[in-house]
Structures are given as C-alpha cells and as structure tokens.
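This note sets out, for a colleague new to the structure, some points to consider when examining it. Please read the numbered points alongside the sequence and the view shown here.

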Amino acid sequence: MPLHPGRPAGERPMSVNPFLGPANPVGDMTSAPPKHRLADGPMAPSTAYQLVHDELMLDGNARLNLATFVTTWMEPQAGLLMAECRDKNMIDKDEYPRTAELERRCVAMLADLWNAPDPAKAVGCSTTGSSEACMLAGLALKRRWSLRNAGRYPSREARPNLVMGVNVQVCWEKFCTFWEVEPRQVPMEGDRFHLDPAAAVELCDENTIGVVGILGSTFDGSYEPVAELCEALDGLQERTGLDIPVHVDGASGAMIAPFLDEDLVWDFRLPRVASVNTSGHKYGLVYPGVGWVLWRDAAALPEELVFRVNYLGGDMPTFALNFSRPGAQVVAQYYSFLRLGRDGYRAVQQAARDVATGLSARIEALGDFRLLTRGDELPVFAFTTAPDVTAFDVFDVARRLRETGWLVPAYTFPANRQDLAVLRVVCRNGFSEDLAGLFAEDLTRLLPELRSQSHPLTRDRNAATGFHH
Ligand SMILES: *Cc1c(COP(=O)(O)O)cnc(C)c1O
C-alpha cells in the first residue's frame, strides 16, 4: 500500500502555510512538530520539508562562519556530482569500482604532492576527516611500537606514549584516551604557541610511539617546525639509538604548503616522516565528510591492521574505523583535483592567504588589537586585545560580531598561556576580499561602543562564542 499522508485520528494535520490559519479547516500553524518521540503517523513530505527547513534558518550562515576550517562553498557542478553519488557506499568497492578507482587516484596524487620517495609504494586511504585519519595513523604508530617491543609487551611498565604540542587538535587527545596511550604534551612558553623540537625530544623515551607535528596549528594557524623536529629526533637516535617516527597532522597545511611554500620541507622528503594526514574538506576544498591518510610505504603500516572483506564480493584490503561511508565526498575530491590542478589550487590558496594577510593588517591598524599571527602560513590568524585595552575583551568582540552575523570564535590558550585569550579568523575559498572588507567595516563600527564600556561585559563566555575546541 502506498504511504499516504493520512490524518491520524484525533490529530489535526500541521501546515506551515500562513494562508491556512486557525480558521481554515485544513490545518493551522499552531501545533509544533514532535521533538521527543516519534509521531504516531506520517505527515506530507512538503510539510515535513518546510518544518525542517524553517527550523534550520536559525543556524548560523555557513559562509559567515569564520570559525570553521571546513569548506563552505563549492561549485554547482561539484554539488551535482555529489547528488549523483549520494546513494553510493564507499565500502562497496567491488560494486562501485569506478568510485574506488577515483579514491585510488586521489591517494596517488597526494603521494606525489607530498613527495613520497616512491609514490607507487605509498599506501593510503580516504576517511571521514582528519580525526579518523589521525586515529589510523596513531594506531599504526602504536602497533609498530608494540611489534618493536614484542618481547616485553604488554608488560605493566611499558605504557606507550605519544609526544605532541599542547596545541594539538582534540582528535589527538581522543586518540590517546580511546587507545590508552599516554599523551605527553609540550606546553606553550611566552610567544611560542606550538611545539618546540628540543622540548619534544626531552619527552621521548623507549615507549614513545611517535611525535606529532602539526601543519598548522588550529590555535593560531602557525606551522610547526617539522624539519627541525626530525633533525632533533635524528640527534636523539645518534645519542641513544631510539628511532622515533613522526606523523605530520597536515589537516589544513598539507593542502596549503605544497602550493604556496614549495621550499618548506615538511613531508615525505624527510625520511623520519612515516605518515601524513589531511582534511579533504578543509583546504582540500570539498564539502564536509572526507579526509586522507598516507604512509610512506607498506613498512609504516603494519599488515595486521589491514582488513580484507570478501562478503561483498571480491577481496579488498581496507583500513578504516567505519564500514559504510558516503562515496560522494571522495568523488568531489577527485573533481576538485581535476578541476583545479596545481595551478588552480595555488591560485585559490594564494587568494585565501592574500585575504588573510590583508585583513589581519587592517585589524592591526585599528590599534585596539595585537596580532599573534598574520595569516601568512595557514590563511588563519589569531589576535588579542592590545595591552592598554581594558574596556572590553575578546569575548565581548565575538559576542558583538554575532549581531552582524559574523561567527568568530574567542577562546583561551592552553598551558602555559592560559592567561591569553584570542579571536581567530579562518579565511577560506569563498571568503572574498569583498566579504573581508565588510567584516573589517563591521568590526570598526563596533569599536566606539566597545571602547566606551566600563569593563568587559561578557559573562557566559561559551555562550558568547559557541566555540568548543
Ligand atoms: C581540523 C583538524 C583536525 C580534525 O579534522 P577533522 O577533519 O575535522 O576530523 C585534526 N587536526 C588538525 C590540526 C585540524 O586542524
């Protein structure tokens, strides 16, 4: 029997059309949709659509969201391809061999882009984002460590640890919690807001599964010194024999540096770099839902972590936390690679960097703020109030910017700079020079009122910015 939007007994149908007011026998707008339990009966698709659509109007505008690193604009053709693929499950590699082939091509292109010594030997896969990619990379490090320690693992004393800056993205804290690895974090000091190679090496011992280098930091957009980190670890190996691999978390920067900072050596050119991840949905320029992780060669990814599933037909090796996953984002990644090529990516990322450095300079010129970064590494910059500003703080600025629709996070830094609170602006494709100009004007217009406050006014800081790391 077809499913008709019949009227359940005793319930009036809902409508969102104001023409059908209370006086109209067909329906009204006075009843709210169910929120806590499944309704007894169905409703018309047009009504369901309108109710959901209308509720979502209260979300922020994604294009004005300067908090997110994630792509908020793609070309209509990309959207079309994604719609065409929304029914394809990425895991069904035998059923959708062309989708699987596009994934393989993306991995090969990234291996080449990240200078794998032998791109044919690099292995990698798509993921739902960098978080899953980092879990997989961390698991490979942990397994390699336990294979090295085969004789004595798992002994009670041998607890694996992972060394990283305190500025790591939360996925690394999740990794350590979920997989019982001790996080060893290098704190911030003074004006150093990311990892220091010497301090990182100090934290390493025979149970260190690896060191994470971040390109670049979510806190301020700065690149961590990956080459210097590798050099410091080379020194450690010479002194002690400990051979500790590096994973580069290039969630954003692995899609910026290859185009804009070709001379910066951070990738597989460094023999100590075992694996690299990126978020396809950040500067890979794809809508949310795709990440990538690559290992320099098969030796860096222990074979026992790779699963082969045969019940869908075929015998396909996979390494993933998920089973089912949308295929559309992988297709969209290949579209972006094809569409832009190296020159296209360079142009898009350069434009984002130009907007970031231009906007940070305008903000600095206002005189009320001090820049921590300028957007010349990731197209991302962080700034705080100038030392003589006492009338308002960054939380006030974030709250007031919301009035004009701009979503800019304000947050405090971690150890040892908890005293420092900043605002951060992420410039992405689609945040044009024109929009940046409008943002600067809105910020400028707010300043007289902020300056006339007697003291900072934002009590509920989380509510002010709605930002959670
Ligand atoms: C965003 C980010 C992550 C997490 O990536 P998702 O794609 O959001 O899962 C991890 N590390 C860094 C440095 C990031 O910027």
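1. E180 sits in the loop between α5 (170–178) and β3 (182–186). The model is predicted. In it, E180 has a positive phi of about 55 degrees, although this residue is not a glycine. E180 counts as exposed, because its relative accessibility is 59% and the cut-off for exposed is over 50%.

2. L285 belongs to the loop between β6 (273–279) and β7 (291–295). L285, likewise a residue other than glycine, has a positive phi, near 70 degrees. With a relative accessible area of 7%, L285 is buried.

3. Two cis peptide bonds deserve attention. One joins L215 and G216, with omega about -10 degrees, and G216 is found in the loop between β4 (208–214) and α7 (226–240). Another runs from A415 to N416, with omega near -5 degrees; N416 is placed in the loop between β12 (410–412) and β13 (421–426).

4. The surroundings of the ligand include G129, Q169, C171, I214, T218 and D249. The shell residues divide into 3 nonpolar, 7 polar and 2 charged.

5. For S131, a polar side-chain atom lies 2.6 Å from a ligand oxygen, and for H281 an N or O atom of the side chain is 2.6 Å from a ligand oxygen. In K282, a polar side-chain atom lies 2.8 Å from an oxygen atom of the ligand. The ligand taken alone exposes 380 Å², of which the protein buries 88%.

How values were computed
Residues numbered from 1 in each chain as written. Predicted model: local features only at pLDDT ≥ 70, side-chain atom pairs only at ≥ 80, totals over all residues. Heavy atoms only, no water. Near = heavy atom within 4 Å. Polar contact = N/O pair within 3.5 Å; in protein donor to acceptor, adjacent residues only side chain to side chain. Areas by Shrake-Rupley, 256 points an atom, 1.4 Å probe, with all protein chains shown as cover. Nonpolar A, V, L, I, M, F, W, Y, C, P; charged D, E, K, R; others polar. Helix = DSSP H or I, 4+ residues; strand = E, 2+ residues; numbered from the N terminus. Buried < 20%, exposed > 50% of the residue type's maximum accessible area, 1.4 Å probe, protein only.
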